[in-house]
Amino acid sequence: MIGWLRHHRHALVTTLRRLGTQPFTTLLTALAMGVAISLPSGLYLGLGNLARVASDLPAQPEISLFLNVGASAEQKQAIAARLKQPDIEQARYVPRDQALATLSASQDLADITAGLTENPLPDAWIVRPQASSREALVRLSDSLTKLPGVAETHLDSQWAERLQAALDIGRTVVWVLGGLFAIALIAISGNAIRAQVLARRDEILVSRLIGATDWHIRRPFLYLGALQGLLGGLAAGGVLAIAGTILQAPVEHLAGLYGSTFHLLPPNGTEIAAVLGLTTLFGWLGAWLSVTRALHQVEAAR
Amino acid sequence: MISFSQVTKRYPGGHEALSGVSLAIEQGELVFLTGHSGAGKSTLLKLIAAIERPTSGVVSVSGQNISRLSRRAVPYLRRNIGLVFQDHKLLFDRSVIDNVVLPLDIAGFDRRESLKRARAVIDKVGLLNREKAHPVSLSGGEQQRLCIARALVSRPALLLADEPTGNLDAGYAADIMAMFRDFHQVGTTLVIATHDERAITALGGRTLHLDHGRIGEVPA
């Protein structure tokens, strides 16, 4: 056990020393990884902020209820009674004459309405339901459609659905990109480690000859891969921090134009830890693949 | 300690380095391997250290069958064997003491204890004042002695040396052979491949002669 710990400490010290002796290579590899990782994680952050915008907007779904032109007075009364029930927060009646008057008042449409011989608009109710969930809204909307005298209802929550759908696509893109860049990360790490293994060919051969196990030989390279990955993750954090600082002012300006105090939020601790953990893991994985392959090649070429 | 039973080693390409070799070496013996170059001396040593595997026959070292030894077990076998190479196989990016301490690092010894042992061995091979030097600045004889120090630092029961005096002048060669005699006297088993006749007569011991992959005992 003590020997094992000693091996690990020795490997870690060796690794740190190697990284220190090649600051330029280390920096370049870390930067390549950092830029690669910053793309999916940046997109993830952007989406998170966008989702926050979406949830901040006043969510007031409305149901427009259009009556049959020939609806009877009883039917209209029944509908009015139905809309006084507690699942309706507020309901506003818009008679067809008023609707036409509103339409005519708007300058763009005045020409069109002036040419009409009769009013084509139905009587309508603008209903604001108590419920806000998508399912409840659809259920209410359907039940209102079935009332006698109702021609059709129109559930006005489409913009929210579309935004949600777009965000969902964005999240999928984050995962796909994340997967691709994880592969890129493994490749970058594997390549860096392969160069290291080849540079230390003699050491590996001699170590094998005097009794080093495969694990003993792998260990410093695995540490190297993991540390490179961690540095890559930190570099990604740096890239995102710089991008965030640059974007902060224009975003706040835009939000100000909408009368909002919105500002960009940085990632939380869990997200930072997850990114650093994953980059470390993928750096290690690339090193493992590379060193295992190279070990066999080095020995075969002996 | 070492036994070969009808061992044949054929390299890819068809060259047969050893043909039906049988031999036995007891613990504490000093054995010279002689023969022209290409007779199979190096191959025989490599088979003992599991650097090569026999094509047929059984090689057994300390009761372990080398042909059946798994890749995982090989390092532990080698930790009990000191290897002296004709081309030294030193690491040129580290100092004399770091080269010698390498086997102990690999075996997981305490660093301070390792350095103490390494210094003792370096002193024995007469390189103590070159402890911090890099191998590149050492002469051929000094490099060979460094290689021997590295082979001995883990106090192996068996020392295999391939042409340890091959490229050295007579003075250095005598020094090194004298060192081997000391190790033999403290009970180390030594197998030395050489064609240095003077060394063999000076040290005595058993001589095995290899000729085109076949072995014969040379009467002392």
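**Notebook: chains A and B**

I began with one contact between the chains: R200(A) forms a salt bridge with D93(B), and their closest N and O atoms are 3.7 Å apart. I note that the model is a predicted one. The cut-off for a salt bridge is 4 Å from a side-chain nitrogen of Lys or Arg to a carboxyl oxygen of Asp or Glu, so the pair at 3.7 Å qualifies.

**Entry: the interface**

I looked up how many salt bridges the rule finds across the interface of chain B and chain A, and there are 3. For polar contacts, I found 4 residue pairs across this interface, with both residues of each pair at pLDDT 80 or more.

Which elements of chain B supply at least two residues each to the side that touches chain A? I found α2 (74-78) and α3 (96-107) of chain B. Of the elements, α3(B) gives the most to that side, with 5 residues.

I then checked the extent of the interface. I found 22 residues of chain B in contact with 20 residues of chain A. The area buried between the two chains is about 1,900 Å², and carbon and sulfur atoms give 56% of that area. On the chain B side, the residues that lose the most area to chain A are R71(B), R78(B) and I106(B). Together these three make up 34% of what that side buries.

**Entry: the sheet in chain B**

I turned to the strands of chain B. I found 6 of them in an open sheet, ordered β6-β7-β8-β3-β9-β10, with mixed pairing. Which strands are at the edges? They are β6 (81-84) and β10 (214-218) of chain B, each of which pairs on one side only. From one strand to the next, I noted an average twist of 20°.

β6(B) pairs with β7(B), residues 158-162, in the parallel sense over 4 bridges. Within this pair, I located L83(B) opposite L160(B) of β7(B).

I next looked up what helix α1 of chain B, residues 41-48, does here: α1(B) packs on the sheet. The strands that α1(B) touches are β3 (30-34), β6, β7, β8 (189-193), β9 (206-211) and β10 of chain B. Between the directions of α1(B) and β7(B) I noted an angle of about 150°.

**Entry: confidence in chain A**

The mean pLDDT of chain A is 84, and 95% of its residues reach 70 or more. Where is confidence lowest in chain A? I found the lowest value in helix α5(A), residues 107-114, at a mean of 72. The highest is in helix α9(A), residues 214-257, at 91.

Technical notes: Residues numbered from 1 in each chain as written. Chains lettered and ligands numbered in written order. Heavy atoms only, no water. Pairing = 2+ DSSP bridges. Axes fitted to C-alpha atoms, helices over the stretch in contact; angles between N-to-C directions. Contact = heavy atoms within 4.5 Å. pLDDT = per-residue confidence, 0-100. Buried area = accessible area lost by both parts, 1.4 Å probe. Polar contact = N/O pair within 3.5 Å; in protein donor to acceptor, adjacent residues only side chain to side chain.
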